[in-house]
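Welcome, and thanks for taking a look at this one with us. Below is a short briefing to read alongside the model.

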Amino acid sequence: NGKKSKKKRKKSMKQRKDKRQQNSSQTQKEMAVDEKLISSSAIAYYPEELKHLQLKKNQEENATGTNNSTSNQEEESITEVADDGKNEKNYVNSSEGCPSVTKQNGKAYSDNSNNNITLLLFYQYVEPPWDESQFQTALRFVTDLGHLYGLTGRMRVAHEGLNCTLTGSRDGVRAWCSALRSFDGGRSRVYPSTGERRTEFADTEFKLTDDLPPRQRFPKLHAFEVVELVNYGLAGRRAPAISAHGGTHLEPEQYHEKMTEGDTVVIDVRNHYESNIGRFVPPPGGAKVIDPGMRKSTEFPMWLDRKETKEMLRGKQVLMYCTGGGRCERAS
């Protein structure tokens with residue numbers, strides 16, 4: 001009996017190991033298909049002699065539950081916070097259900113990938129803007145989905161789309177991205193040429209940084225209702241349509257090549273403080289960098305409307321850059 005029991009335990013352990021490997025392979029297969037999900041490891045940027053030490057430190061922090069958050073001191077009610085003089089409605093730890101998001105067997109999602117933290121950055125403008133009903137559906141969906149997959153951080157949610165900075169486990173973040181890909185809010189479109197049905201987040205570019213220390217996880221999930229993803233003072237229908245007037249996205253190699261060309265200007269769309277810290281420097285004879293000297297984004301439309309600005313841009317090829325892409329998208 002003892003030998004049989006030992007064999008059963010070994011068989012059971014092997015089955016669980018095979019199941020974990022199968023799940024891992026499935027995750028990698030899904031990632032390979034999603035070309036718009038761009039990930040890198042924070043450990044890759046450490047010197048070789050420090051990589052194993054940082055990984056070990058991350059694992060120790062996770063094991064001891066080290067967290068420098070102040071989550072216990074934060075209120076769990078709806079609050080109001082300032083945003084460039086505008087009020088945002090802050091939905092903190094919303095527990096309201098959303099028909100599109102369900103818990104399996106009544107339990108929240110969990111996984112075994114919590115040794116390190118993954119950071120997610122992305123934005124997505126939607127056109128035309130959501131009406132009030134569509135907006136509320138989207139707000140509930142992303143908030144409840146965030147709680148379901150254990151994500152924390154900030155979600156800026158507007159009628160014109162999403163702008164998010166989130167943290168979570170490796171698998172939890174990827175599962176959230178995959179679920180958002182399929183969300184259409186009742187507005188999926190069929191492309192006449194191919195007959196393919198595409199959701200509004202089908203082509204969203206998700207930027208992930210894996211292997212961050214557990215202490216860098218945000219304490220809670222905050223969903224903020226905002227008028228604009230980036231506050232240019234062009235809310236709603238006043239904003240020019242990106243699909244009709246937006247700039248062309250370039251890969252890094254293409255961008256650097258463009259900076260070598262004459263009759264080209266590069267506009268730094270970040271604020272003046274960020275620009276002072278560091279900026280692109282084109283080679284001699286290449287593009288000219290222009291810093292609008294902004295303190296906040298609402299100053300950009302006014303700067304663009306000046307006579308001297310128009311003269312600087314007249315007949316030029318215009319390149320733009322910012323931090324995550326959201327400011328350039330609307331600015332273009």
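Which residue in strand 10 is the bridge partner of Arg154? That partner is His222. Please keep in mind that this is a predicted model. The notes below start from the strands around that pair, then move to the nonpolar cores, a helix, the salt bridges and a separate sheet.

**Strand 5 and its neighbours**

- Strand 5 runs parallel to strand 10, and five bridges join the two.
- On the antiparallel side, strand 5 pairs with strand 6 over seven bridges.
- Strand 5 is largely enclosed by the rest of the structure, because six of its seven residues are buried.

**The nonpolar cores**

- The largest nonpolar core has 31 residues, and those touching the most other members are Leu120, Met155, Leu162, Trp176 and Leu180.
- At least two residues of this core come from each of strand 4 (117–125), helix 3 (132–148), strand 5 (152–158), strand 6 (161–168), helix 4, strand 9 and strand 10 (221–225).
- Helix 3 is the biggest contributor to this core, giving seven residues.
- Another core, of 23 residues, lies apart from the largest one, and its members include Tyr123, Phe224, Leu229 and Met320.
- As background, nonpolar side chains in soluble globular proteins tend to be buried together.
- Leaving aside residues up to four places away in sequence, Leu180 touches Phe122, Phe141, Val142, Leu145, Leu162, Phe201 and Phe206.

**Helix 4**

- Helix 4 covers residues 170–182, which makes 13 residues.
- From first C-alpha to last, helix 4 reaches 19 Å, close to the 18 Å expected at 1.5 Å a residue.
- The buried residues of helix 4 are Gly172, Val173, Arg174, Ala175, Trp176, Cys177, Ala179, Leu180 and Arg181.
- Two of these, Trp176 and Leu180, are also among the residues that touch the most other members of the largest core.

**Salt bridges**

- There are ten salt bridges in the structure.
- One of them joins Arg174 to Asp210, with the closest N and O atoms 2.9 Å apart.
- This pair links distant parts of the chain, since Arg174 sits in helix 4 and Asp210 in strand 9 (residues 206–212), 36 residues apart.
- Both Arg174 and Asp210 are buried.
- A further salt bridge brings together the side chains of Arg270 and Asp268, at 2.8 Å from N to O.
- Arg270 and Asp268 are both buried too.
- Lys310 and Asp305 also meet through their side chains in a salt bridge, at 3.5 Å from N to O.
- Are these last two residues buried or exposed? Lys310 counts as partly exposed because its relative accessibility is 40%, and Asp305 is exposed, with a relative accessible area of 54%.

- Three strands make up an open sheet in the order 12-11-13, with parallel pairing.
- Strand 12 (288–290) and strand 13 (317–321) stand at the edges with a single partner strand each, so one side of each has no neighbour in the sheet.
- From one strand to the next, the twist averages 25°.
- Strand 11 (residues 264–268) and strand 12 pair in parallel over three bridges.
- In this pairing, Val266 stands opposite Val289 of strand 12.

Terms used: Residues are numbered from 1 along each chain as its sequence is written. This is a predicted model: local features need pLDDT of at least 70, side-chain atom pairs count only at pLDDT 80 or more; totals for chains, interfaces and linings use all residues. Side-chain values use heavy atoms; hydrogens and water are left out. Helices (H or I, at least four residues) and strands (E, at least two) are DSSP runs, numbered from the N terminus. The expected span of a helix is 1.5 Å times one less than its number of residues. Buried means under 20% relative accessible area, exposed over 50%, partly exposed in between (1.4 Å probe, protein chains only). A salt bridge is a side-chain nitrogen of Lys or Arg within 4 Å of a carboxyl oxygen of Asp or Glu. A nonpolar core is a set of buried Ala, Val, Leu, Ile, Met, Phe, Trp, Tyr and Cys residues joined through side-chain atoms within 4.5 Å. Contact means heavy atoms within 4.5 Å. Two strands pair if DSSP finds at least two bridges between them. Axes are lines fitted to C-alpha atoms, for helices over the stretch in contact, and angles run from 0 to 180 degrees between N-to-C directions.
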